[in-house]
Amino acid sequence: MSDIENILPPLLADDGTPHLLCGENASLEPLRSYKSKQVKISEATNATKQDDDKEHEKILSHLQSASVSLTLPSQSFSNMKGQIFVTTKRLLFVGEAASSDFSMNAYCISLHALMSEP
């Protein structure tokens, strides 16, 4: 387990429903001061494949500098600077202020492939 995985906030019960926590409810304060070397996705992916404990959360990527926009009924911001952490179970955004933090579990994430051709 890496040093960053030791300071991730606890996971909510995995009941199959989406969880999106904003602001101080996301409990991301320990990550605010985290500075590290770049995490190599291939190393994290290999470690995840070898790990038999499916409950253990692994870090896949850490972007030390990012600009994020979010629009929700309860919170919105545009071009907020901060850090992004991608784990095997969720995506975490740690903004410059705790009020802009958010955490979403994998049930909230939908990916699409984009192409330049129609």
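1. The protein chain exposes about 7900 Å², of which carbon and sulfur atoms supply 53%; accessible areas come from the Shrake-Rupley method with a 1.4 Å probe, and for residues only the protein chains shown count as cover. This is a predicted model, in which local features need pLDDT of at least 70 and side-chain atom pairs count only at pLDDT 80 or more, while totals for chains, interfaces and linings use all residues. Residues are numbered from 1 along each chain as its sequence is written, and side-chain values use heavy atoms, with hydrogens and water left out.

2. Three helices and five strands are assigned in the protein chain, in the order α-β-α-α-β-β-β-β from the N terminus on; helices (H or I, at least four residues) and strands (E, at least two) are DSSP runs, numbered from the N terminus. Of the 118 residues in the protein chain, 34% are buried, where buried means under 20% relative accessible area, exposed over 50%, and partly exposed in between, with a 1.4 Å probe and protein chains only. Among contacts (heavy atoms within 4.5 Å) between residues at least 6 apart in sequence, 55% join residues at least 24 apart.

3. Strand β5 deserves a separate comment. Three bridges join strand β1 (residues 20-22) to β5, and the two run antiparallel; strand β4 (residues 90-95) is also antiparallel to β5, with four bridges between them. Two strands are taken to pair if DSSP finds at least two bridges between them. A hairpin through six residues joins β4 to β5.

4. In a regular strand the side chains alternate between the two faces of the sheet. Both faces of β5 are covered, with Phe-102 and Met-104 buried on one side and Ser-103 and Asn-105 buried on the other.

5. Ser-103 lies in strand β5 and counts as buried because its relative accessibility is 6%. Not counting residues up to four places away in sequence, Ser-103 touches His-19, Leu-20, Leu-21, Ala-26, Arg-90, Leu-91 and Leu-92.

6. Aromatic rings of Phe, Tyr and Trp (its six-membered ring) pair if their centres lie within 6.5 Å, with planes under 30 degrees apart counted as stacked, over 60 as edge-to-face and the rest as tilted. By this rule the count comes to three aromatic pairs. One of them, Phe-77 with Phe-102, is tilted, at 6.5 Å centre to centre and 35° between the planes. This pair links distant parts of the chain, since Phe-77 is in strand β3 (residues 76-87) and Phe-102 in strand β5 (residues 102-105), 25 residues apart. Phe-77 and Phe-102 are both buried, and together with Phe-93 they form one aromatic cluster.
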